[in-house]
Amino acid sequence: MEPMKPNLEDQPSLQRGLQLYANYCLGCHSLRFQRYERTADDLGIPHEVAVDEVIFTGQKIGELMTAAMDPESAKAWFGAPPPDLTMVSRVRGPEWIYNYLKTFYVDESRPFGVNNKVFENVGMPHALIDLQGVQRDACPPGAADCRQLAVDAGSGLLTAEQYDQAVYDLANFLHYVGEPTRLARKRLGPYVLGFLVFLGIFTYLLNREFWKDVH
């Protein structure tokens, strides 16, 4: 696993992650515990921009971020409906998502022509292949636990560094979605701890005053 540290203070990254998710993921994977309006407000996106750039299904901005794909059709095409990803960061962690999206590679034996080094025999196509390009397994034959991959030169719209940033933004966004109040909670935490320290000192002094004449 390559290290990946999410940063919820990086609002441009979260905005780019939302855009990538809407363009490449939301057609199949819903965020059914997240609302468009809450997301736009948290990420500093005007509602009219969110409606034009993020909502492609005719939904209203106050609605939940559900996938456009019909579940029954998805089951017929993929064998099972694509999972909701609202909590994927809470379950697997943003580092797992980051590495998962980086390690698709060509595997003609698989139904969709790709496999994944992090999630072996994954049952989905490489949704970001036009951005990353065609990536192949570069491990020597018979090598055990090898994760070497190589992208065909010029096959993707982004450079390796740009794709890494795009995948980081997407993982960072899913980290936010897993607990939208995380940043507010962390900001409030020091004030709560400071109040408890003050209350503890006051309580100790009050208790000492009450018991000073008790023998």
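Phe-119 is partly exposed, because its relative accessibility is 35% and this class lies between buried, under 20% relative accessible area, and exposed, over 50% (1.4 Å probe, protein chains only). The model is a predicted one, in which local features need pLDDT of at least 70 and side-chain atom pairs count only at pLDDT 80 or more, whereas totals for chains, interfaces and linings use all residues. Residues are numbered from 1 along each chain as its sequence is written, and side-chain values use heavy atoms, with hydrogens and water left out.

Rings of Phe, Tyr and Trp (its six-membered ring) are taken to pair if their centres lie within 6.5 Å; planes under 30 degrees apart count as stacked, over 60 as edge-to-face and the rest as tilted. Six aromatic pairs are counted by this rule. In one of them, Tyr-100 and Phe-119 are tilted, with 50 degrees between the planes and 6.4 Å from centre to centre. Because Tyr-100 belongs to helix 6 (residues 94-102) and Phe-119 to the loop between strand 4 (114-116) and helix 7 (129-132), this pair ties together parts that are 19 residues apart in sequence. Helices (H or I, at least four residues) and strands (E, at least two) are DSSP runs, numbered from the N terminus. Tyr-100 is buried, with a relative accessibility of 10%. Ring pairs also join Trp-96, Tyr-100, Phe-104 and Phe-119 into a cluster.

Charged side chains are placed over two rings: Arg-92 over the face of Trp-96, at 4.3 Å from the ring centre, and Lys-117 over the face of Tyr-105, at 5.1 Å. The criterion is NZ of Lys or CZ of Arg within 6 Å of the ring centre and within 35 degrees of the ring normal.

Helix 6 also holds Asn-99, which is buried at 5% relative accessibility. Leaving aside residues up to four places away in sequence, Asn-99 touches Met-1, Glu-2 and Val-118, where contact means heavy atoms within 4.5 Å.

The axes of helix 1 (residues 11-24) and helix 8 (residues 160-178) come within 7 Å and cross at roughly 95 degrees. Helix 1 is therefore roughly perpendicular to helix 8, a class that covers angles of 65 to 115 degrees. Axes are lines fitted to C-alpha atoms, for helices over the stretch in contact, and angles run from 0 to 180 degrees between N-to-C directions. Residues making the contact include Leu-14, Leu-18 and Tyr-21 of helix 1 and Ala-166, Leu-170 and Phe-173 of helix 8.

Terms used. Angles under 35 degrees count as roughly parallel, over 145 as roughly antiparallel, 65 to 115 as roughly perpendicular and the rest as oblique.
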